[in-house]
Amino acid sequence: MKIPKVVRSIISSRLIKTYMAYCKDQDYDTFSRSTLYNILNVCIASQKKNLHGLDNTTADGMKAMDTLTDIIKKLQLFGLEEEKVEKLKNIFASANQHLKFEIKGHLATSSTCLDHCTTFSLSDSKSTQFRSTCAHEHSEGCTKCSIIDKSLLELSNTFQTMNSIPAEIVDEIDHDLSRAQEQIMTWKAHCVRTVHQDQAKQTVLGNLKPHQALIVMDWAMKFLPVRHREAQSDFFGKKGVSWHVSSVVTLDIEAEPEFKTNFNVHTLVHILELGNQGWFSVAHIITDLLQKLPLILPLVTEIFSKERQRWMLPLCAIDFLHPKYQCKWRLAS
Ligand SMILES: [Zn+2]
Ligand SMILES: [Zn+2]
Ligand SMILES: [Zn+2]
C-alpha cells in the first residue's frame, strides 16, 4: 500500500474518529480502533523527520499541552475525583507557564543545579567529541524545572490506576499521552539547546578577530512562519523551492574605534529547485560558500559556524573543501 505524502495537522484520536464516521457513512467495515492507532504510530515517524525544525518543536509542544488538557477532561468524564482533576490542571498550568516563559531564564552554560547546567544536559554519554566535563558538582535541583517531569509522571500514574475507562478509550488516551509526553520532552530539550547555542554565539561574537567570520545558516522556510507562530506543517511552501540562507558575520574594521564592536553581515542565499533539505544539499551549499567567500571577504581565514541542524558535518569533511580556511566548526548543540 502506498501512503500518500500528506501533512497531518490534527491529533490522532480526532483523525480516527473522523475516519470511522466516514466509514460508517460509506457503509463499509473498518479496522478496529487499536489497529488504526498502530497504523498511525507507524506513519508518525516519517512525518516527524520531515518537519523537524525550530518552530515545529515549540508549536508541537504547545499542541501537546492542549492534548494533555483534553486527557485530563476525559479522566474527569470517567470518574476522576474533582480534587485530583484540579491538582492535575494546576500542575500542568505551571509546567506550561514554565516552558513558555521561564525555563530559558533558569538555564546557564555552567551551573551547579542539575536542571540548569546546559553543558551537563547536552553532553553525549556515547561520544567524547560531543561532551564536556563540568568543573563543578551538580548538587542542587530546581523545583520549578522538575515540575515538567513531575506533571507528566503524575498524569500517567493517575491514568494507570483508573479502571473505569472503556478499553477503546484506554487505547486512545494511551496513544495520545505517550505522544504528548515525547513532544514535551523534545520541547524542553529544545529550550536547552537554544540557550546553549545563543551563549556560544555570544562568546564567538565577543571575541571575533578581523580574520574571523561567524556563519549562521538555516533554511529560510523555517524563518517565515515564526512571525505568526505557525507550525511548519501548516506552511505549504515546503514542497516547492528551498531557500538556504547563510549570514556571514565579520568585524567592521573600518568602524571608528569607539564602535569597534560593529559587525558587517553578508547574506548569501542558495536556492534549490530540486533536492531536499538534507545534509547532502547542505554539504554542497557549504562547498560553494567556501569557494565564494575569498572573493567577497579576502581577509577571512577562519570560520565559526552555528549550524542549526542537529547533525554536524565531520571536521575532516570541511577541511578539504577549501584549503585556505582553517575551519573551526564550533559545536553548539
Ligand atoms: Zn530543533
Ligand atoms: Zn555543570
Ligand atoms: Zn529551574
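Predicted model: local features only at pLDDT ≥ 70, side-chain atom pairs only at ≥ 80, totals over all residues.
**Entry 1: the zinc ion**

I started with the zinc ion (ligand 2) and looked up its protein donors. They are Cys117 through SG, Cys134 through SG, His136 through NE2 and His138 through NE2. These atoms lie 2.1 to 2.3 Å from the metal. Along the chain, I read their spacing as C-x16-C-x1-H-x1-H.

Cys117 is in the loop between helix 4 and helix 5 (118-122), and Cys134 is in the loop between helix 5 and helix 6, so the pair ties together parts that are 17 residues apart in sequence.

What is the arrangement of the four donor atoms? I noted angles of 105 to 121 degrees around the zinc ion, which makes it tetrahedral.

**Entry 2: the cores**

I then turned to the largest nonpolar core, which has 35 residues. Met65, Leu68, Leu75, Phe92, Leu99, Leu155 and Ile184 have the most contacts inside it. Which elements give two or more residues to this core? I found helix 3 (54-77), helix 4 (82-106), helix 6 (147-161) and helix 7 (167-206). Helix 7 gives the most, with nine residues.

Leaving out residues up to four places away in sequence, I have Leu68 touching Phe92, Leu152, Leu155, Leu177, Ala180 and Ile184.

Last, I noted a second, separate core of 16 residues. Ala213, Val248, Val282 and Ile303 are among them.

Terms used: Residues numbered from 1 in each chain as written. Chains lettered and ligands numbered in written order. Heavy atoms only, no water. Core = buried A, V, L, I, M, F, W, Y, C linked by side-chain atoms within 4.5 Å. Buried < 20%, exposed > 50% of the residue type's maximum accessible area, 1.4 Å probe, protein only. Helix = DSSP H or I, 4+ residues; strand = E, 2+ residues; numbered from the N terminus. Contact = heavy atoms within 4.5 Å. Donors = N, O, S within 2.8 Å, 3.2 Å for Na, K, Ca; no water. Tetrahedral: all angles 85-135°; square planar, octahedral: opposite > 155°, others 65-115°.
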